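Please work through each task before reading its solution.

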Amino acid sequence: MPITPLTPTSLDRTFSIAPMMDWTTRDFRAFARTLTRQALLYTEMVTTGAILHGSPRSRFLGYDEIEHPLALQLGGSDPGELAECAAIAEQWGYDEVNLNVGCPSDRVQNNLIGACLMAYPDKVAAAVRAMHDAVSIPVTVKCRIGIDDQDADADLERFIGSVADAGCEVFILHARKAWLQGLSPKQNRDVPPLDYSRVYRLKQSRPTLHIGLNGGLLGLKDCREHLAHVDSVMIGRAAYQNPWLLAQVDSALYGQPDPAISRRDAAKALRPYIARRLEEGARLNHITRHVLGLFQGCPGGRRFRRYLSENAHRDGAGLEVFDEALAQVAEPEIDEQRAPQTA
């Protein structure tokens, strides 16, 4: 059964998939919709410069209607540029615009983008105020719990307070500090210790704000435990590397039917989308690279991955390659185990 668009009457952030560069592309997001209809999806970070000066704009903002609810994550610090891009996002139909205050890479630091902005709460507040005034959709912030030598609850409180006063009501916190000097972006995803208690304390001190938690979550069991302390949870790499863990999100966290009864069911639901993208000129491997983890742990799962890896990149590769890859898998039509509760 093909995926049909979903337009919720309100944005429920209980569960979301984190924005991840090179991973949360439009093709991954369409695939995620075969597994969860309710989760809030985020784009990769898109810089204001790419939107304002890149061409065609659809390269950076294009998406399929099946992806809703969908948030655009912006990278930038200039209030005027961010406000203009937020307005463009609203015109394109995005449900939310999110400001990246968490990315630790050197490249974005040099452009005053990402986690380095936690040292400049007034700049972030000015940017949020300008964006908030420019649009009617929610303006949210994703940040860290601190950077470098910021190591007290007071530093985080000061940042959140300044930005909240500018009109931001929703914060998603990666529960690790970012060390901008001495650690690579990859190390910053794992080396700084997780400090969930700091996020919990922030929620207790700011009960009127929506406080979401990101970092180190591996499955629905983790999500349920954290939702006792915060308003929402966000999973990143675990959802990408083992996407089947998404298959019970709707029933477990939203009380809604799950869209896929088996991994094969999810794969078949993606076929019409793949066909549309191929007609638009997309290459098969650009789409199917996001599906490689679907049959993890299933008989034939390795053959599925190998077949796609060896054939989907070939010129002219089409749906027949995807179908032949599916034929390598011996999964039953109905998965008796359903989605795992841990990674």
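**Exercise 1: Asn 214**

The side chain of Asn 214 reaches the backbone oxygen of Met 234 at 3.1 Å, a polar contact (a pair of N or O atoms within 3.5 Å; within protein, one must be able to donate a hydrogen and the other to accept it, and residues adjacent in sequence count only if both atoms are side-chain atoms). The model is predicted: local features need pLDDT of at least 70, side-chain atom pairs count only at pLDDT 80 or more, and totals for chains, interfaces and linings use all residues. Residues are numbered from 1 along each chain as its sequence is written, and side-chain values use heavy atoms, with hydrogens and water left out.

Task: determine in which strand Asn 214 is found, and whether Asn 214 is buried or exposed.

Solution. Step 1: Asn 214 lies in strand S7, residues 210–214; strands (E, at least two residues) and helices (H or I, at least four) are DSSP runs, numbered from the N terminus. Step 2: the relative accessible area of Asn 214 is 7%. Step 3: Asn 214 is therefore buried, a term that means under 20% relative accessible area (1.4 Å probe, protein chains only).

**Exercise 2: Strand S8**

Solution. Leu 213 stands opposite Val 233 in S8. Step 2: strand S1 (residues 15–17) also runs parallel to S8, with 3 bridges, and Ser 16 is opposite Met 234.

**Exercise 3: Leu 82**

Task: locate Leu 82 in its helix and state which residues Leu 82 is in contact with, leaving aside its neighbours within four places in sequence.

Solution. Step 1: helix H4, residues 79–91, contains Leu 82. Step 2: the relative accessible area of Leu 82 is 0%, so this residue is buried. Step 3: apart from neighbours within four places in sequence, the contacts (heavy atoms within 4.5 Å) of Leu 82 are Thr 48, Leu 74, Gly 76, Ser 77, Leu 99, Ala 127 and Met 131. Step 4: the C-alpha atoms of Leu 82 and Ile 145, 63 residues apart along the chain, are separated by 23 Å.

Technical notes:
Buried < 20%, exposed > 50% of the residue type's maximum accessible area, 1.4 Å probe, protein only. Pairing = 2+ DSSP bridges.
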